[in-house]
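This report goes through one protein model from its overall layout down to a single residue. Please keep the sequence and the structure in view while reading.

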Amino acid sequence: MGQCQCGNSAESKEKYFAPLMKILEGYEKKEKDLIPVLQKAQDEYGYLPQDVIKEIANQLNLSFSQVYGVVTFYSQFHLEPRGENIIRVCMGTACHVRGAGEVLDKITEELGVDDGETTEDLKFTLESVACIGACGLAPVIMINDDTHGRLGADDIPEILAQYKE
Ligand code: FES
């Protein structure tokens with residue numbers, strides 16, 4: 001287990017967990033509250049750091065492994081920090097046959113991250129996904145809520161530049 005990310009002093013620990021305590025105030029702290037508490041904690045911290053998972057387990061009287069099991073079961077929960085911009089590259093069949101692989105390779109090359117990773121400056125998280133229902137525009141990527149379709153690898157630098165500021 002890694003070092004506590006909340007800092008060592010009791011004061012900084014208290015500060016770090018204050019938003020979580022505030023969230024917990026709205027619940028009975030029963031097992032049934034676990035998912036909504038995890039969702040709100042993730043909204044607050046941007047992801048679910050190990051110390052936050054531990055504290056939630058404590059507060060809800062559950063074991064760390066019970067809570068960790070739930071976090072890893074649902075894809076909506078993240079154990080690592082996420083980028084400010086989430087890039088989803090469709091790898092569904094229509095996109096795949098129209099060159100989604102090259103588009104993904106170009107993004108990987110431009111950002112220096114692989115599928116599932118986040119850039120060091122926390123600007124971008126890259127994810128490949130299954131069909132996003134815009135096959136007519138294949139190959140398609142989504143950046144946050146924006147859809148970019150009929151792409152070639154050459155279009156990528158210009159598109160990414162729009163999100164870099
Ligand atoms: S396969 Fe990519 S949008 Fe459907």
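## Terms and overall layout

Helices (H or I, at least four residues) and strands (E, at least two) are taken here as DSSP runs and numbered from the N terminus. The model is a predicted one, and under this scheme the protein contains seven helices and four strands, arranged along the sequence in the pattern α-α-α-α-β-α-α-β-β-β-α.

Taken along the principal axes, the C-alpha atoms occupy a box of roughly 50 × 30 × 25 Å. The protein has 165 residues, of which 20% count as buried.

## Helix 1 against helix 2

Two packed helices are described by the angle between their axes and the distance between the axes. For helix 1 (residues 10–25) and helix 2 (residues 34–45), the axes come within 10 Å and cross at roughly 145°, and the crossing is right-handed.

From helix 1, the residues Pro19, Leu20, Ile23 and Leu24 take part in the contact, and they meet Val37, Lys40, Ala41 and Glu44 of helix 2. Sorted by class, this contact comprises six nonpolar residues, two charged residues and no polar ones.

## Helix 2 and its two sides

Helix 2 has twelve residues, which at 1.5 Å a residue should span 16 Å, and the distance between its end C-alpha atoms, 16 Å, agrees with this. Its buried residues are Val37, Leu38 and Ala41; they lie on the same side of helix 2 because they cover an arc of only 100° around the axis. Two of these, Val37 and Ala41, also belong to the contact with helix 1.

The cover over the buried residues of helix 2 includes helix 1, helix 3 (50–59) and helix 4 (64–73), whereas the face turned away from the buried side carries the exposed residues Pro36 and Asp43. Just after helix 2 comes Gly46, with a positive phi of about 90°.

## Helix 6 and its surroundings

Helix 6 (residues 100–111) also has twelve residues, and from its first C-alpha to its last it reaches 16 Å, close to the 16 Å expected at 1.5 Å a residue. Ala100, Val103, Leu104, Lys106, Ile107 and Leu111 are buried in this helix. Seen down the axis of helix 6, these buried residues fall within an arc of 160°, so they line one face of the helix.

Packed against the buried residues of helix 6 are strand 1 (85–90), helix 5 (93–97), strand 2 (124–129), strand 3 (141–143) and helix 7 (156–164). The residue that follows helix 6 is Gly112, whose phi is positive and near 70°.

## Cys90 in strand 1

Cys90 belongs to strand 1. Is this residue buried or exposed? A residue is buried if 20 or more other C-beta atoms lie within 10 Å of its own; Cys90 has 27 C-beta neighbours inside 10 Å and therefore counts as buried.

Leaving aside residues up to four places away in sequence, Cys90 touches Cys95, Ala100, Val129, Cys131, Ile132, Pro139, Val140 and Ile141. One of these, Ala100, is also among the buried residues of helix 6. By contrast, Ala57 lies 33 residues from Cys90 along the chain, and the C-alpha atoms of the two are separated by 36 Å.

How values were computed. Residues numbered from 1 in each chain as written. Predicted model: local features only at pLDDT ≥ 70, side-chain atom pairs only at ≥ 80, totals over all residues. Expected span 1.5 Å × (residues − 1). Buried ≥ 20, exposed ≤ 12 C-beta atoms within 10 Å, placed from the backbone. Arc of directions from axis to C-beta. Contact = placed C-beta atoms within 7 Å. Axes fitted to C-alpha atoms, helices over the stretch in contact; angles between N-to-C directions. Left-handed = near helix turned anticlockwise from the far one by under 90°. Nonpolar A, V, L, I, M, F, W, Y, C, P; charged D, E, K, R; others polar.
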